[in-house]
Amino acid sequence: MTIYDLHCHSTASDGLLSPRDLVLRASEKGVEVLALTDHDELSGQAEAGEAAAESGLRLINGVEISVTWGNVTLHIVGLNVDPLDPVLLHGLTRNRGGRTERARRIGEELARMGIAGAFEGASALAENKELISRTHFARFLIERGIARNMKSVFKKFLIKGKPGYVSHEWASLEDAVNWIHAAGGVAVLAHPGRYQIGSEKMRLLLSEFKHLGGVGIEVVTGSHTPDQVPVYADLAVEFDLMASIGSDFHAPGEGGRELGRLTALPERCRPIWQAWN
Ligand code: AMP
Ligand code: MN
Ligand code: MN
Ligand code: MN
């Protein structure tokens, strides 16, 4: 059975490994088909592709697009996209555009709580200066000893109602799906179990997503607990959506899921790679 991992991050967004080191690590961990899915960014794909050719792993070009749906932030993964497609590139540039101003505001919010220099600190930790994410702020807060680890920092800071949260308007769901389609890819709803919405709203989301042309949802992901897997497998079947699988790996030793360390998709699921194989 081929080992797939279709969601992870490099230094082109908020991961800690270069695209090259990420691919080599995935290969060491036994991953045979890997999708690099940096947030709103494709600049890591070329280097990842070179490393994949050297290591014999198959790279699927991917991206994770930040979306605002009503008052909810969603992540839409595009898989098997053309990383040079102008429509997708233009859309991602637009989505990245607001990040620096947002990061300044996050810094101001934290300063109000007595935490100085957070914008500068997070920015220094971001290799891609167009892509300062909350992860970089989290790492800054941990470095400063203000929080112990990733898990605790995202309980006390950077989320709705806590210090360092600012609301932000990302791309629409329709735009994100259309950009992915323009680039020849398939759109997948990332880690559905992470959104703070009830089952009725989740069903509304899935039907709207499908109506817009979305074809899959992540069923097995580093963001799901073991008991969430069958819940989203059932929803995939009910909505006739394909199922994806990905670690959402960001860095060694930060507490997230390791590359390739994933259970198999439930039998009743149609795997997303049937969409391009
Ligand atoms: P941003 O795109 O700037 O809003 O940052 C989102 C990123 O923050 C996610 O992709 C994760 O890498 C990280 N993140 C958000 N919530 C958590 C959490 N509870 N635990 C760990 N990382 C998180
Ligand atoms: Mn991330
Ligand atoms: Mn995500
Ligand atoms: Mn991710």
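An oxygen atom of ligand 1 lies 2.9 Å from a polar side-chain atom of H250. The protein covers 80% of the 500 Å² of accessible area (Shrake-Rupley method, 1.4 Å probe) that ligand 1 has on its own. The model is predicted, so local features need pLDDT of at least 70 and side-chain atom pairs pLDDT 80 or more, while totals for chains, interfaces and linings use all residues. Residues are numbered from 1 along each chain as its sequence is written, ligands are numbered from 1 in the order in which they are written, and side-chain values use heavy atoms, without hydrogens and water.

**Ligand 1**

- The residues around ligand 1 (a heavy atom within 4 Å) include R99, R102, S133, R134, F154 and R194.
- By class, this shell holds 1 nonpolar, 4 polar and 5 charged residues.
- At least two shell residues come from each of α4 (99-112) and α6 (134-143).
- H39 places a polar side-chain atom 2.8 Å from an oxygen atom of ligand 1, and for an N or O atom in the side chain of T135 the distance to a ligand oxygen is 3.0 Å.

**Manganese ion (ligand 2)**

- Its protein donors (N, O and S atoms within 2.8 Å of the metal, or 3.2 Å for Na, K and Ca) are D14 (OD), H39 (NE2) and H250 (NE2), at 2.1 to 2.2 Å.
- D14, in the loop between β1 (4-5) and α1 (19-28), and H250, in the segment after β7 (242-246), are 236 residues apart.
- The manganese ion (ligand 3) is 5.6 Å from the manganese ion (ligand 2).

Key: Helices (H or I, at least four residues) and strands (E, at least two) are DSSP runs, numbered from the N terminus. A polar contact is a pair of N or O atoms within 3.5 Å; within protein, one must be able to donate a hydrogen and the other to accept it, and residues adjacent in sequence count only if both atoms are side-chain atoms. Ala, Val, Leu, Ile, Met, Phe, Trp, Tyr, Cys and Pro count as nonpolar, Asp, Glu, Lys and Arg as charged, and the others, Gly among them, as polar.
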